[in-house]
Amino acid sequence: MSNEEKKNIGSDEDINSFLDSLTTDDSSTEDFLSKLYDDSFAEITSDFDTLLKEFQSIDPDDLSAQGETPASAATAEDKPEIEDIYSYSAPEKEEVQPEKKFSEAVKEAMEAEVAGAESEPQEEGAFHLSLDSLEGEDLGFGEAIREVSAPEKKAPAADGATQVYSTDAVRRAEHKPAAKPAQKPASKQPAKQNKQKKKSRFLPNREDSTFEIFRKVLFLVSMAVVIVCLGIIGNTYLLQPQLEKRRQDKVSELLANGVSDADSFKQAFGDTDLPAGANYNLAQFYAANPDFYGYLEIPGTGISTPVVQGKDNSKYLKRNFFGESTKYGCPFVNYKNTYAALDYNTSIFGHNMEYDDLVFGELEKYRKIDGFKKAPLIHLETMYADYYFKVYAVFLTDSQYDDSGWYFDYIFTQLKDEAECKEYIAELDARKLYSTGVDIQPTDKLLTLSTCAYDFNEERLVVVGRLVREGESTDVDVSRAVASSSPRYPDKYYKKKGLSNPYATASKWIPNA
């Protein structure tokens with residue numbers, strides 16, 4: 001089929017008429033298609049060979065072949081696109097061009113397309129490539145293209161330096177090696193300046209706004225409060241209990257290293273003199289602290305501690321037996337009590353922390369009958385005598401005056417006569433949480449243990465024991481213990497519970513009145 005015949009087949013009607021003429025003879029149809037295929041293949045092969053020869057003639061390493069001088073250069077409209085990127089004329093190499101920066105090489109390679117980029121529709125996949133953003137980048141071309149074509153970098157630059165290039169042009173220019181700029185590495189910021197910047201994040205400075213200064217000050221104050229609270233919590237719940245347990249270990253060690261006579265005492269403690277009439281059974285405690293009064297132990301509980309007696313009732317509130325500062329203090333005898341003998345009522349005070357059972361904490365067990373049944377006997381040994389007391393009463397009271405100006409005094413040392421002793425026993429009977437089954441006489445001597453409780457403000461838990469009489473057994477029949485039906489509580493107790501005080505009009509007992 002000749003070229004003239006091909007040209008004549010121009011419209012759809014001509015093509016249809018021509019095809020209809022061919023359907024009458026099968027052999028002529030096959031000859032026509034075969035010839036059409038041969039002619040088309042020959043033309044495609046010829047065009048491909050021509051393009052291949054042209055590309056092979058290009059030296060990609062020759063920088064002088066990248067463009068023409070302005071006088072001889074054709075515009076992008078006069079030459080095919082490929083001639084905008086590579087020049088096929090080989091100019092004389094009169095001098096070697098200096099190696100260009102990466103951005104310059106790309107800009108020069110894209111020069112031909114810039115003129116028509118704005119007027120032509122943007123090709124799908126084109127990049128918004130800012131040459132300024134590539135300046136000085138130590139990246140391969142492909143990496144640079146991926147860098148600037150990232151989603152967050154595709155928007156045009158605000159300074160108008162952004163140009164639009166087609167993907168074909170960028171692909172062809174990628175084969176051109178990029179020159180690495182001679183650039184000094186950025187000097188590292190001095191460590192001191194870095195520290196100052198870090199500090200400025202938290203400390204107020206002159207450049208901060210009023211709100212920012214307020215925010216930083218509030219933050220610093222909050223951090224200080226947190227640190228102080230953590231310190232208090234750590235000291236209260238971790239450090240102090242551990243120190244108190246170490247004190248107990250030292251006490252146990254001291255208890256085990258007793259002496260039996262004057263010679264062994266002098267050998268162990270030198271020229272220390274004991275009080276007149278004192279025994280040597282606990283002399284090692286006296287040598288460690290001359291304020292030593294005796295050693296208190298309650299079988300069935302963890303209470304086992306030396307007891308001291310100061311010149312007042314405040315010395316050992318925050319000081320342990322060895323004179324060390326501690327919130328647990330040391331159990332101490334009322335400074336008004338006689339040192340070498342028992343008064344009618346000997347009072348011993350000790351701390352009870354709400355969160356542990358150290359010092360007198362285990363006295364809380366006496367709130368219930370079961371606690372009494374496990375520990376019905378109190379042992380107090382001094383350097384003068386060895387005493388046992390049977391628990392007689394347990395009650396709650398107020399350590400301050402109530403609204404009527406009355407305070408139940410249970411820490412007196414003596415009463416004026418047996419009649420007043422009977423009155424006090426009656427006051428105990430009205431207040432005790434349960435009856436222990438232990439009998440009591442006005443002539444019996446008493447031991448009173450007092451500690452803190454937490455049902456209301458300034459509450460005290462009190463355990464009263466009566467001295468085991470001469471010749472009496474230390475055994476206690478705990479099966480006789482019975483709970484009281486309506487023990488008398490202080491006025492604060494009823495107010496906190498929202499109850500009326502049934503003893504509001506009862507007589508108010510005052511010792512030695």
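Over the ring of which residue does the charged end of R431 sit?

1. The charged end of R431 lies over the ring of F408, 3.8 Å from its centre. The criterion is NZ of Lys or CZ of Arg within 6 Å of the ring centre and within 35 degrees of the ring normal. The charged end of K250 likewise sits over the ring of F322, 4.3 Å from its centre.

2. This is a predicted model, in which local features need pLDDT of at least 70 and side-chain atom pairs count only at pLDDT 80 or more, while totals for chains, interfaces and linings use all residues. Residues are numbered from 1 along each chain as its sequence is written, and side-chain values use heavy atoms, with hydrogens and water left out.

3. F408 also belongs to an aromatic cluster, whose members include W406, Y410 and W509. The whole structure has 25 aromatic pairs (Phe, Tyr or six-membered Trp rings with centres within 6.5 Å; planes under 30 degrees apart are stacked, over 60 edge-to-face, the rest tilted). The ring centres of Y339 and Y384 are 5.9 Å apart and the planes stand at 85°, so this pair is edge-to-face. Y339 and Y384 are 45 residues apart in the chain.

4. T301 lies in the loop between β3 (292-297) and β4 (304-308) (strands are DSSP runs of E, at least two residues, numbered from the N terminus). A relative accessible area of 18% makes T301 buried (buried is under 20%, exposed over 50%, partly exposed in between, with a 1.4 Å probe and protein chains only). A polar atom of the T301 side chain lies 2.8 Å from the backbone oxygen of I298.

How values were computed:
Helix = DSSP H or I, 4+ residues; strand = E, 2+ residues; numbered from the N terminus. Polar contact = N/O pair within 3.5 Å; in protein donor to acceptor, adjacent residues only side chain to side chain.
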